[in-house]
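Here are my notes for you on this one. Have the structure open while you read, and find each spot as we reach it.

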Amino acid sequence: MKYVWMNGKILRWKEATVHVSSPVVNSGMGVFEGIRAYWSKERSQLYIFRLKEHVQRLFDSSKVHRMKIKFSKKQVEDAIVKTAARNGFREDLYIRPVVFRGGTWRMPETPIDVVVFVVPTPRSERMKRMKRGVRCCFSSWRRIPDIAMPARVKTCGNYVNSRIASMEAEEAGYDGAIFLTIDGKVSEGSGANLFLVRKGTLITPGVTSDILEGITRETLLSVGAQELGIDVCERDVDRTELYVADEAFLCGTGQEITPIVSVDGIPVGKGSVGSITKKIQKWFFEVVEGKHAK
Ligand code: PMP
């Protein structure tokens with residue numbers, strides 16, 4: 001973590017700072033992206049997963065918050081590639097672009113700042129969770145509804161909802177939380193979308209279930225399921241469907257494809273990682289390492 005890209009310049013990690021009185025610090029007024037780059041040992045190459053789609057979502061998130069980014073999408077894409085390369089890591093990375101209202105207290109016009117930083121994320125640690133699966137519970141908190149916060153985009157402030165649910169779940173001895181919508185339907189995990197498998201069909205809540213419109217989710221719906229010959233369905237999901245599902249998993253940049261082995265202490269299927277989930281994990285890791293030409 002040597003260098004940060006900030007408003008068009010590469011700065012040293014310590015130099016990339018904001019003021020304590022800025023709107024982003026005081027009101028969470030920012031949006032961000034989470035992107036992964038996968039290091040291929042075979043090819044000595046970093047592969048950034050769906051960069052264009054992530055940058056598009058960053059611009060969509062900014063639009064919702066009336067923040068005009070002073071760079072083009074291409075410039076932000078280039079900044080991300082440059083920051084990843086410049087830091088010189090030869091391992092998987094988590095890349096975080098952030099667009100926020102910076103400046104200081106009550107400036108007549110707050111500047112819209114853009115930064116990109118990267119952190120290495122060793123694969124071996126993540127793999128343990130993905131092999132073993134996670135034990136989840138339904139949160140006592142509800143997913144922020146789109147009538148209160150823009151749930152479909154990555155607003156910094158949205159993550160207070162995620163954090164409060166995951167802290168509660170972890171304190172109760174679970175690995176993670178699952179949100180219901182305020183209407184009582186399944187929405188998603190605290191930082192990942194959710195799929196279940198029933199009778200061979202992959203099912204996931206639709207984009208009007210207050211989910212973040214996840215890029216990994218979309219990848220599975222638009223390409224993954226088709227290539228693997230699995231039927232998919234986007235629809236409302238009830239809580240008890242997870243208790244009787246054959247398989248379930250979380251998916252997203254952070255969670256990748258993480259199997260859910262129990263919900264509220266009830267085993268999902270046999271309480272181990274299901275065969276369809278394993279197939280999807282295998283396909284996903286081939287794709288992100290650039291092994292599929294398509
Ligand atoms: N939901 C939430 C709340 C998230 O933070 C994430 C991670 N960005 C996801 C879903 C998954 O989205 P993606 O596949 O685009 O990472």
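1. Let's start with a term. A pocket here is an open set of grid points, where a 1.4 Å probe fits, with protein on both sides within 12 Å along at least five of seven lines. Keep in mind that this is a predicted model. Now, which pocket does the ligand take up? The space taken by the ligand is the largest pocket.

2. Zoom in on the polar atoms. On Thr253, a side-chain N or O atom sits 2.5 Å from an oxygen atom of the ligand. Thr216 does something along those lines, with a side-chain N or O atom 2.6 Å from a ligand oxygen. Glu188 instead faces a nitrogen atom of the ligand, with a polar side-chain atom 2.8 Å away.

3. How much of the ligand does the protein bury? On its own the ligand exposes 380 Å², and the protein buries 97% of that.

4. Last, have a look at the rings. There are 8 aromatic pairs by the rule used here. Take Tyr38 and Phe284: their ring centres are 6.4 Å apart and their planes are at 85°, so this pair is edge-to-face. Tyr38 is in strand β4 (residues 35–40) and Phe284 in helix α8 (residues 275–288), so the pair links distant parts of the chain, 246 residues apart.

Note on methods: Residues numbered from 1 in each chain as written. Predicted model: local features only at pLDDT ≥ 70, side-chain atom pairs only at ≥ 80, totals over all residues. Heavy atoms only, no water. Polar contact = N/O pair within 3.5 Å; in protein donor to acceptor, adjacent residues only side chain to side chain. Areas by Shrake-Rupley, 256 points an atom, 1.4 Å probe, with all protein chains shown as cover. 1 Å grid on protein atoms, 1.4 Å probe; cavity = no way out; pocket = protein on both sides within 12 Å on 5 of 7 lines; lining within 4 Å. Sits in = over half its atoms within 2 Å of the grid points. Phe/Tyr/Trp six-rings, centres within 6.5 Å; stacked < 30°, edge-to-face > 60°. Helix = DSSP H or I, 4+ residues; strand = E, 2+ residues; numbered from the N terminus.
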